[in-house]
Amino acid sequence: MSDPSSAAPVVLDVWCELECPDCHLALSDVHALRARYGDRLEVRLRHFPLEKHKHAYAAAQAAEEAVVQGKGWPYIEAVLARTAELARSGQPLLIEVAAELGLDAEEFDTALIDGRHLLIVDADQAEGKAIGVTGTPTYVIGDERLDGGKSQEGLRERIEEIADRLLAGQD
């Protein structure tokens, strides 16, 4: 008999970019999914900066620096809450948000200059393209890809159906 608490969590990859207003709207679904599943669902942000958003690539690199400094999700959520401001202000906003969260803003600035997180962002984007991601947010759970860039209507319910099925299969 297996212990369900020791089962590996179901992984939900959220292909996102931090200048995308739709990704900001998707946060409410991410919060609801986390509340419902707790540790049984691992939500991973995957970077997919879109060319139409001038500061998305820098924002993805800054998010990776926030992960290194221990506040990945708080930083991601803070930047997503200010997508319009990011579009206007660019890199200074990324540094400002880091300082507001008590992160080492100087190190953020250095990371954006030296490009230490480029490979992570590029790898995410390449993987996304390889599996057919074309816009954000896009969700991948199990072997299913759900495109939230066209419409987020009903997506959380669909993700829950898939997660429930995958978790039931672990018993």
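Modeller: Helix α2 passes helix α7 in a right-handed crossing (right-handed if the near helix is turned clockwise from the far one by less than a right angle, left-handed if anticlockwise). The contact is made by Tyr57, Ala60, Gln61 and Glu64 of α2 and by Leu118, Ile120, Val121, Asp122 and Gln125 of α7, where contact means heavy atoms within 4.5 Å. The axes of α2 and α7 (residues 118-130) are 9 Å apart and meet at an angle of about 115°; axes are lines fitted to C-alpha atoms, for helices over the stretch in contact, with angles running from 0 to 180 degrees between N-to-C directions. Helices (H or I, at least four residues) and strands (E, at least two) are DSSP runs numbered from the N terminus.

This is a predicted model, in which local features need pLDDT of at least 70 and side-chain atom pairs count only at pLDDT 80 or more, while totals for chains, interfaces and linings use all residues. Residues are numbered from 1 along each chain as its sequence is written, and side-chain values use heavy atoms, with hydrogens and water left out.

Gln61 counts as buried because its relative accessibility is 8%; buried means under 20% relative accessible area, exposed over 50%, and partly exposed in between (1.4 Å probe, protein chains only). Not counting residues up to four places away in sequence, Gln61 touches Leu118 and Val121, and also Ala111, Leu112, Gly115 and His117.

Helix α6 (residues 105-114) holds Phe108, which pairs with Tyr75 of helix α3 (residues 72-80), 33 residues apart, so that distant parts of the chain are linked. A search of the whole structure finds one aromatic pair. Tyr75 and Phe108 form it in a tilted arrangement, 5.1 Å centre to centre with 40° between the planes. For this term, rings of Phe, Tyr and Trp (its six-membered ring) pair if their centres lie within 6.5 Å; planes under 30 degrees apart count as stacked, over 60 as edge-to-face and the rest as tilted. Tyr75 is buried, at 0% relative accessible area, and Phe108 is buried at 0% too.

Another ring takes part in a charge contact: the charged end of Arg34 sits over the ring of Trp73, 4.2 Å from its centre. The criterion is NZ of Lys or CZ of Arg within 6 Å of the ring centre and within 35 degrees of the ring normal.

Arg46 counts as buried because its relative accessibility is 10%.

The loop between α7 and β3 (138-141) holds Pro137, joined to Thr136 by a cis peptide bond with omega about -5°. Most peptide bonds are trans. Strand β3 contains Tyr139, which is buried at 1% relative accessible area. The contacts of Tyr139 beyond four places in sequence include Asp13 and Val14.
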